[in-house]
Amino acid sequence: MTQTAVTSETPRAGIAAFTNLSAAFAELYGTEPEGIWAAPGRVNLIGEYTDFNDGFVMPLALPHTAVAAVSRRTDGVLRLHSTDVPGGVVSLRVDELAPHSGHGWAAYPAGVLWALREAGHPVTGADIALTSTVPTGAGLSSSAALEVVTALALNDLFDLGLSPAELAVTGRRAENDFVGVPCGIMDQMASACCTEGHALHLDTRDLSLRQVPFDLAAQGLTLLVVDTRVKHALGDGAYAERRAGCEEGARLLGIPMLRDLPYAGLDAALTTLADAGADESVIRYVRHVVGDNRRVEQVIALLDAGDVRAAGPVLNEGHISLRDDLRVSCPELDLVVEAANAAGALGARMTGGGFGGSAVVLVEAAAADTVAKAVSEAFAAAGHAAPGIFDAVPSAGARRLH
Ligand code: ADP
Ligand code: MG
């Protein structure tokens, strides 16, 4: 996908233009689609590695979206095409869909259809053409966008009556049980439930949520996403290891989940863990999770009070915790935070699973170009490939377009 530059001097990019999806669908399948749907990628403002501890997260939807043109079929055939992937149409039989059976990228939308059928919904097949402007593998949830747009389209076409949260749960089931990726619920909930001009305060324990006003432009602020374009192999086993460490911490503390440990009890709990002979890493993980849950609450209080600038230092604290306690950062992410702050950003942190992927930078709108340029120059000076930098405008969640 080609990116269009915002201006010639800034490395900040615009969003690539969509292919004409109706025309692509008609060429592939011989008819016009019954409808067109969109679902966004997301970036998480604060609350990292908290969603598998029943904790809080605070994502916002990006203007970058997956779009699907879809028609129903009644003959048990599922046909899938992505304009972003070389190769033609993937054709599958819905009654033969089985978890962990490959299919590459097509496993994400196919898994959604499988999850709907597993839940007893009479989905009898579909023709689907997909395209997306969400960068893949950058920690911005291109996979959740694909799942949620597919779930929403099938929900509408087959009149299933599922709520946005139920569509999110369907997408997560597809990713966990069909594709085989152990992700939490944040990504799909963000794609399904976010609204324009807001960040989503999500309680991952019961999926209760609140739209928190986050009108950056009105405040003269910009949230930059910096995609480092790296993915270190170390990340593969790290998620499972952190997850197991958090479960061990909760077990030693005699609580169901780390969510159940209030911040006021953190110091005493860390002493309890040390006395119980907990691994040093478990102590660090507990400190991060309980601290990040609190940082979500701090940021929400600041946003509600209209003091968005004061969230900057909280983002910096979140980064330090992810770097030193959870140890999921990497040199490229640390460099974004360091270079952005040195150039006058209000605060910055890695976002998503870490070991590469993206960072967010909160900055005065007037200083956004300067900061973006400083980060790009720091990458060049360190010998890293140029990062992708764009504005995270809080955007709408999943919706029907036509
Ligand atoms: P992330 O969700 O952070 O972008 P993941 O590894 O979870 O990264 O998901 C990326 C995968 O999702 C891709 O490798 C591909 O299989 C699938 N995917 C995402 N966007 C598209 C697209 N436009 N077309 C086809 N497959 C896609
Ligand atoms: Mg993903």
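**Exercise 1. Why does the end-to-end distance of helix α3 (residues 142–157) agree with what 16 residues should span?**

Before we dig in: this is a predicted model, where local features need pLDDT of at least 70, side-chain atom pairs count only at pLDDT 80 or more, and totals for chains, interfaces and linings use all residues. Residues are numbered from 1 along each chain as its sequence is written, chains are lettered from A and ligands numbered from 1 in the order in which they are written, and side-chain values use heavy atoms, with hydrogens and water left out.

Solution. 
- Step 1: Helices (H or I, at least four residues) and strands (E, at least two) are DSSP runs, numbered from the N terminus. The expected span of a helix is 1.5 Å times one less than its number of residues.
- Step 2: apply the rule. At 1.5 Å a residue, the 16 residues of α3 should span 22 Å, and the end C-alpha atoms sit 23 Å apart, so the two agree.
- Step 3: look at the surroundings. Of the 16 residues in α3, 15 are buried (buried means under 20% relative accessible area, exposed over 50%, partly exposed in between, with a 1.4 Å probe and protein chains only).
- Step 4: step off the end. Just after α3, Asp159 has a positive phi of about 55 degrees.

**Exercise 2. Where is Ser141, and is it buried or exposed?**

Solution. 
- Step 1: locate it. Ser141 belongs to the loop between β6 and α3.
- Step 2: read the accessibility. Ser141 counts as buried, because its relative accessibility is 8%.
- Step 3: look at the backbone. Most residues other than glycine have a negative phi. Ser141, though, has a positive phi near 65 degrees.
- Step 4: Tyr49, in the loop between β1 and β2, has a positive phi of about 60 degrees although it is not a glycine. With 7% relative accessibility, Tyr49 counts as buried.

**Exercise 3. What is the strand order in the open sheet of 3 strands, and which helices pack on it?**

Solution. 
- Step 1: recall the criterion. Two strands pair if DSSP finds at least two bridges between them.
- Step 2: write the order. The sheet runs β2-β7-β8, with antiparallel pairing. β2 (56–57) and β8 (209–213) are at the edges with a single partner strand each, so one side of each has no neighbour in the sheet.
- Step 3: β7 (residues 198–203) and β8 are antiparallel and joined by 5 bridges, and Ala199 has Val212 as its bridge partner in β8.
- Step 4: Helix α8 (residues 280–304) lies across β2, β7 and β8 and runs at about 45 degrees to β8. Here axes are lines fitted to C-alpha atoms, for helices over the stretch in contact, and angles run from 0 to 180 degrees between N-to-C directions; contact means heavy atoms within 4.5 Å.

**Exercise 4. Which strands pair with β3 (residues 59–72), and in what sense?**

Solution. 
- Step 1: take β1 (residues 35–44). It runs antiparallel to β3, with 9 bridges, and Pro40 stands opposite Thr65 in β3.
- Step 2: take β6 (residues 126–132). β6 and β3 are antiparallel over 7 bridges, with Ala66 partnered by Ser132 in β6.
- Step 3: In β3, 12 of the 14 residues are buried, so the strand is largely enclosed by the rest of the structure.
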